[in-house]
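Keep the structure open as you read.

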Amino acid sequence: MTCIPAQTDKKLGLVIDLDTCVGCQACVTACKEWNTGGHMAPLTDIDPYGGDVDGVWFNRVHSYEHITEMGGRTVNFPRSCLHCEQPACVTVCPTGASYKRASDGIVLVDEDKCIGCKLCSWACPYGAREFDTDVGVMKKCTLCVDRIYNDNLVGEDRVPACVAACPTSARHFGDLGDPASAVSQLVASRGGVDLMPELGYQPTNKYLPPRAHTTRAASVPAPALEPVRAEGGFLGWVDRMLSN
Amino acid sequence: MHPAFSVVFFTTATGAGYGLLALLGVLAGQGFVPPDFWLGLVGTGLALGLITAGLLSSAGHLGRPERAWRAFSQWRSSWLSREGVASVATFVPAGLFAIGWVLLGRTDGWVAIAGLFAAVAAIVTVCTTGMIYVSLKPIAQWHSRFTLPGYLIFSAMTGSVLLNALLQGFGIGSNIVLAGCVLLTLLGWGWKLATWRYNDRLEIPTTANTATGLAGGTVRSLEWPHTEENFLLKEMGFRVARKHRVRLRQIAQALAFALPLALLLAAFALPRPFAAVLSALAAIAQFAGMLVERWLFFAEAKHTVTLYYGR
């Protein structure tokens, strides 16, 4: 059923810290490794060792240059499904393959019902869904639904693979519907934001903007090296020889 | 957006087919068109043939076409599902109307009522097609007040030009139908120009800043997550048409509006065999022009995901 539940018991999601993400792609590979054998397996790769590589990934890390009057910085930006509260990808689905769970708010695809019309990928402004041309169905992040409730894993491993893999703790997992949860507190203290809030999808995942520039660091880059003054004598001869 | 030919052909063909079906359903049922066997066979056959070909073409672009029947289930929330239901439901009154006209040789009584129902169902189906595109917020050029009226106008326009060619071919063309075609083609041309003008001046609130949550300043893409084109770029990062936009818009206008107008106006003045040939040429040129227009409708549409790629 593609109608969205009026409310969900939990709002499970991710909080991604753009201040500490170093763009190492560990979350990307951990996601691929887990999910190519997980709930929405396989994450097909087309021509993986050829010249025209393509394939399904749930998580992709971009790099941006953000320049403000305070200076410039590189921002690494992981992009994945935000498990929106108003997921148009679900309501546009003609078959009922896409759904949002009333229990925890996770947005999933039933691969046995998907007809591969791709309309859900058009309805997602974030590019979270990727079509598997080999299987003919749409695929997307499951928030590692087969990890987070998995009794066969020890407690600390019951988090999405991307969160478990992150070496800088830039990814956090929890219930964003509970104001007392660690992730909600983190969002409140760091001023976490929604992506494209103007479109009204109300994403569950939040992004923590990079911390403000401090005055402790040099406010301008070091001055450029001055040109070497022409010298006479032996050093001048060496300079002329090396310059030729 | 990537203009998949199956979808371009689907919306163009069904638009013309439903337009023709609606006009036949109203005009034949009300006695403006005689209940002639061959006219009925060719007319309803052309309308239902275009609709069926379009629907089959759209099923062809599915990843798993054998499951297409599932698409009738989610009409409560999905415009695509509603389109599926409406398109199939239209075949019921349209089929009764065609049977009454072609096999029983009558277009009065219950056949006329079936014709009216077919016309209403055809209009509803075109509306559901338009609403699929209107409902997509990430594509500002589609999520606009111009989209739904555009689908209805172009359906009426292409349907009327087909009807005129049909009637002229059977030697029962009239200046009223010709005038209707001219007016609808002018309306379609004006609407398309207004739509392009609106889209060209569109100020989209979604930017690389809101897409990344990085406030202020400029956000420039340094590096993509992948070196090759992926599904997102192939499906939503289509750029060829933006490069040739001006030329393609000229071609679309020439074929879909200017040439059919000239041919239709000439058909006013010329006797039957010439008028019929010109009317047929007008319909063919307009269909080709609408394929270009619909191709541009997709190719010029910009999805918000391209912001992540600095496009």
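A crossing of two helices is called left-handed if the near helix is turned anticlockwise from the far one by less than a right angle, and right-handed if clockwise. With that in hand, start with chain B of this predicted model, where α1(B) passes α4(B) in a left-handed crossing.

**Helix packing in chain B**

Helix α1 of chain B covers residues 5-29, and its axis lies 8 Å from that of α4(B), at an angle of about 155 degrees. Angles over 145 degrees count as roughly antiparallel, and so α1(B) is roughly antiparallel to α4(B). On the α1(B) side, the residues that make the contact include B:G15, B:Y18, B:L21 and B:A22. Those of α4(B) include B:G115, B:L116, B:A119 and B:I123. No charged residue takes part in the contact of α1(B) with α4(B), which has 13 nonpolar and eight polar residues.

Helix α4(B), residues 110-134, also packs against α3(B), residues 79-103. Their crossing is left-handed. How do the residues of the contact of α3(B) with α4(B) divide into nonpolar, polar and charged? There are 19 nonpolar, seven polar and two charged residues. The table puts the two pairs side by side.

| Helix pair | Angle between axes | Axis separation |
|---|---|---|
| α1(B) and α4(B) | about 155 degrees | 8 Å |
| α3(B) and α4(B) | about 160 degrees | 8 Å |

The angle between α3(B) and α4(B) makes this pair roughly antiparallel as well.

**The nonpolar core**

Which residues have the most contacts inside the largest nonpolar core? They are A:A123, B:L20, B:L21 and B:L162, in a core of 160 residues. Helix α11 of chain B (residues 272-299) supplies the largest share of this core, with 15 residues. B:L21 is also one of the residues through which α1(B) contacts α4(B). A:A123, for its part, touches residues of both chains: A:A88, A:C89 and A:V92 in chain A, and B:L136 and B:P138 in chain B, leaving aside residues up to four places away in sequence. As background, nonpolar side chains tend to be buried together in soluble globular proteins.

**Where the chains meet**

The contact between the chains takes 51 residues from chain A and 47 residues from chain B. On the chain B side, the elements that give two or more residues are α3, α7 (208-212), β1 (218-223) and α8 (231-236). The largest share comes from β1(B), with six residues. By class, this side of chain B divides into 19 nonpolar, 19 polar and nine charged residues.

**Backbone details in chain A**

A few spots in chain A deserve a look while you have the model open. The peptide bond from A:A41 to A:P42 is cis, with omega near -10 degrees. A:P42 sits in the loop between α1 (26-35) and β2 (45-46) of chain A.

A:D47 is in the loop between β2 and β3 (54-55) of chain A. Its phi is near 50 degrees, a positive value in a residue other than glycine.

A:K118 lies in the loop between β7 (107-109) and α3 (119-123) of chain A. A:K118 counts as buried because 22 C-beta neighbours are inside 10 Å, and a residue is buried at 20 or more.

Technical notes
Residues numbered from 1 in each chain as written. Chains lettered and ligands numbered in written order. Predicted model: local features only at pLDDT ≥ 70, side-chain atom pairs only at ≥ 80, totals over all residues. Core = buried A, V, L, I, M, F, W, Y, C linked by C-beta atoms within 7 Å. Buried ≥ 20, exposed ≤ 12 C-beta atoms within 10 Å, placed from the backbone. Helix = DSSP H or I, 4+ residues; strand = E, 2+ residues; numbered from the N terminus. Contact = placed C-beta atoms within 7 Å. Axes fitted to C-alpha atoms, helices over the stretch in contact; angles between N-to-C directions. Parallel < 35°, antiparallel > 145°, perpendicular 65-115°, else oblique. Nonpolar A, V, L, I, M, F, W, Y, C, P; charged D, E, K, R; others polar.
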